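Please look over this model with me.

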Amino acid sequence: MHDSLPRWFAHRGGGSLAPENTLAGIHLAASLGFRAVEFDVMLSRDGTPILIHDETLERTTNGVGQVCESTDAQLFSLNAGDGERIPRFSEAAALCRQYGLLANVEIKPASGHEIRTAELVAALTAEYWHGADVPPLLSSFSLDALAVARDVAPQIRRGVLYESVPAGWLEDIRRLQAFSLHCDAAQLTDETLVGCRQLGIPVLCYTVNVPETAEMLFRRGVSALFTDRLDWFSPETTAYKSLQSGG
């Protein structure tokens, strides 16, 4: 999987070109030639895994309140942007398999729901992608959630997700038996990159929307980037072709 890891992931499905964490975003990413997408999964009050980033509804929908306190009936009646509704995790998984996309499924538990969210998302990820030609990648800022994922679905590769990589990152990688390290591009140090390179650990960085920044990160040895600018980094764009050829 390391050698075939796509260089670009469409951030939150469709980046800035579609409502985030929607099926429309995944459709768009596939139509632009992206081979990988990233999206966030949280649980509703009813325990249904859905695609949404925030613990509250106000920023990305026309609803109000906490996601974890909202029922499926309430959530699926909302407008998540441009008439799109909040998708079920099962729908996003089916769409990724249909298009042959590598899905970076970020376990995004509401506060206090880390274990339950991780148990369900990990188990369903293994179920939804059973026998898939393109296996998914689980990631999370919650190390507790990743530990659960390791135990529930050890066959699904995991990415340890940080904002700033801590001194004990290698211990986390080994304990969680993680495949990759994900972090904020602006906070990635050469020391971390060298350590990952020596151990064969791919480094994935978010959120990169400037071609010059992308070129610099690839030259430093970063394996893949998450972007909102699908219009700049789709395979048909000049920026993408320049980066693929080394600048």
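The points below go from confidence to packing and then to pockets and cavities.

1. **Ground rules.** This is a predicted model, so to speak of local features needs pLDDT of at least 70, side-chain atom pairs count only at pLDDT 80 or more, and totals for chains, interfaces and linings use all residues. Residues are numbered from 1 along each chain as its sequence is written, and side-chain values use heavy atoms, with hydrogens and water left out.

2. **Confidence.** pLDDT is the predictor's confidence in each residue, from 0 to 100. The chain averages 95, and 96% of the residues score at least 70. Among the elements, strand β3 (residues 49–51) has the highest mean, 99. Helix α10 (residues 238–244) has the lowest, 70. Helices (H or I, at least four residues) and strands (E, at least two) are DSSP runs, numbered from the N terminus. Where pLDDT is low, the predicted coordinates should not be read in detail.

3. **Main core.** A nonpolar core is a set of buried Ala, Val, Leu, Ile, Met, Phe, Trp, Tyr and Cys residues joined through side-chain atoms within 4.5 Å. Buried means under 20% relative accessible area, with a 1.4 Å probe and protein chains only. The largest core has 60 residues. Trp-8, Phe-39, Phe-89, Val-105, Leu-181 and Leu-225 touch the most other members.

4. What does Leu-225 touch? Its contacts (heavy atoms within 4.5 Å) include Trp-8, Phe-9, Val-208 and Phe-218, not counting residues up to four places away in sequence. A second, separate core of 12 residues includes Leu-75, Phe-76, Ala-80 and Ile-86.

5. **Largest pocket.** On a 1 Å grid over the protein atoms alone, a pocket is an open set of points with protein on both sides within 12 Å along at least five of seven lines; a cavity is a set where a 1.4 Å probe fits but cannot get out; lining residues have an atom within 4 Å of a point. The largest pocket has a volume of about 170 Å³. Of its 15 lining residues, His-11, Glu-38, Glu-106, Phe-141 and Tyr-206 are the closest to its centre. Strands β2 (36–43) and β4 (102–107) each give two or more residues to this lining.

6. **Cavities.** There are 2 cavities of 30 Å³ or more.

Definitions and conventions:
Buried means under 20% relative accessible area, exposed over 50%, partly exposed in between (1.4 Å probe, protein chains only). Grid points are joined across faces, edges and corners, and a volume is the space filled by probe spheres set on the points.
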